[in-house]
Amino acid sequence: MNHNNHPELEKKMNAGALACGIGCCIAGIALFIIQKNMTNVGLSYLLIFIGLVLLCYGAYMLICRTKAWYYKGTNSPTCCKEYFFLADDFGALQSALNSSNWQALKKLKKQTDSNVKLCVVSSKDGQFASFQLFRYQPFEFKPEGATRVLKDAEASAFINALK
């Protein structure tokens, strides 16, 4: 499951990441220039190292983080998480999701890894959530139903049940 399947989501420029990336690159380049005037070799190497770290982090921010997915309704950024559950709980999990019984969802134990996976895309403000249940069948996870979209209070209740 990915962000591309949702008409309620759009990919937009992340101004914070853009500003951070440009600032780190400028600071890194400035440290390279400053270190040339240093007489202390140890301090010069330290400035080169810090400048290189800032330059790499700035490049990462510019390349990987300048575009982000946002929920159109509230202009809130989204995140994608995966939750794993015991195989024995698959029926209870599927029943809770189909009937919107979020209290039953709270009772199910999450795992670090399993053959039952719940993929969730949610907005940071809790006004949008989308989920799809997957089960591992030899060599890949396969969907066990359609993607379901929740909005407003229902989305918030669902997100809180998973915490």
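Student: Why is the contact between lysine 142 and glutamate 140 called a salt bridge?

Tutor: A salt bridge needs a side-chain nitrogen of Lys or Arg within 4 Å of a carboxyl oxygen of Asp or Glu. Here the N to O distance is 3.9 Å, so the pair qualifies. This is a predicted model: local features need pLDDT of at least 70, side-chain atom pairs count only at pLDDT 80 or more, and totals for chains, interfaces and linings use all residues. Side-chain values use heavy atoms, without hydrogens and water, and residues are numbered from 1 along each chain as its sequence is written.

Student: What makes lysine 142 partly exposed?

Tutor: Its relative accessibility is 34%. Buried means under 20% relative accessible area, exposed over 50%, and partly exposed in between (1.4 Å probe, protein chains only). Glutamate 140, at 43%, is therefore partly exposed too.

Student: How do you know that lysine 151 and glutamate 8 form a salt bridge?

Tutor: Their closest N and O atoms are 3.8 Å apart. Lysine 151 lies in strand 8 (residues 148-151) and glutamate 8 in the segment before strand 1 (9-13), so the pair ties together parts 143 residues apart in sequence. Strands (E, at least two residues) and helices (H or I, at least four) are DSSP runs, numbered from the N terminus.

Student: Why is glutamate 8 called buried?

Tutor: Its relative accessibility is 19%, so glutamate 8 counts as buried. Lysine 151, at 38%, counts as partly exposed.

Student: What makes glutamate 154 and arginine 148 a salt bridge?

Tutor: Their side chains meet at 3.5 Å, N to O. Glutamate 154 is partly exposed at 33%, and arginine 148 is partly exposed at 24%.
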